[in-house]
Amino acid sequence: FLDIPYQNSYLTYEKQIRATVRKSGLNVVIAKNRQKSDVLLCKVCQLIQTCKYGIADISEESLNIPFELGLMYGLGKPCAILKRKNSKQPSDVQGIEYIQYENTDEINNQLRDWIKDNVKWKEEKWIIKQLFLIWKKI
């Protein structure tokens with residue numbers, strides 16, 4: 001689940017994060033790309049519940065991002081936290097490790113390393129194999 005600022009000034013970073021996640025073999029799930037006639041918070045909660053991992057950028061002052069990050073933590077989802085250098089760190093996430101970046105190259109390299117260290121590829125491959133076997137039977 002991608003939990004990021006939805007601002008035009010952030011588009012370059014969003015594109016880099018999406019590209020890095022895709023190159024790592026994972027799917028990007030982002031609330032603004034899902035059209036549902038549902039309460040926005042319900043849509044976000046459902047997406048967070050169904051995702052295995054999260055990425056949150058706490059660089060911009062926002063009430064939504066720390067709230068959604070809290071949901072991910074509360075549900076036990078491993079989450080990469082991104083923070084642009086020189087941006088103010090919200091007090092409610094002090095003490096939690098985060099990836100600090102200054103440009104898109106730093107996001108790419110550090111996020112790629114986080115994915116390598118945190119994604120359980122063997123488990124993912126086993127699940128995909130099981131789904132494929134079920135699909136073949138149908």
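Tyr10, Tyr13 and Tyr101 come together in one aromatic cluster. The model is predicted, and a search of the whole structure returns two aromatic pairs. Tyr101 also has a place in the sheet, where this residue of β4 stands opposite Arg84.

**Aromatic residues**

- A pair of aromatic rings is described by the distance of the centres and the angle of the planes.
- For the pair formed by Tyr10 and Tyr13, the centres are 5.4 Å apart and the planes make an angle of 40°, which gives a tilted arrangement.
- Both partners of this pair, Tyr10 and Tyr13, are buried.

**The sheet**

- Four strands make up an open sheet in the order β1-β2-β3-β4, and their pairing is parallel.
- At the edges of this sheet lie β1, residues 2-3, and β4, residues 99-101, each of which pairs on one side only.
- Strand β3, spanning residues 79-84, runs parallel to β4 and is joined to β4 by three bridges.
- Within these two strands, Arg84 is the residue found opposite Tyr101 of β4, and Tyr101 is in turn a member of the cluster with Tyr10 and Tyr13.

**Helix α3 and the residue that follows**

- Helix α3 covers residues 64-74, and its buried residues are Ile65, Pro66, Glu68, Leu69 and Met72.
- After α3 comes Gly76, which has a positive phi, near 75°.

Key
Residues are numbered from 1 along each chain as its sequence is written. This is a predicted model: local features need pLDDT of at least 70, side-chain atom pairs count only at pLDDT 80 or more; totals for chains, interfaces and linings use all residues. Side-chain values use heavy atoms; hydrogens and water are left out. Buried means under 20% relative accessible area, exposed over 50%, partly exposed in between (1.4 Å probe, protein chains only). Rings of Phe, Tyr and Trp (its six-membered ring) pair if their centres lie within 6.5 Å; planes under 30 degrees apart count as stacked, over 60 as edge-to-face and the rest as tilted. Two strands pair if DSSP finds at least two bridges between them.
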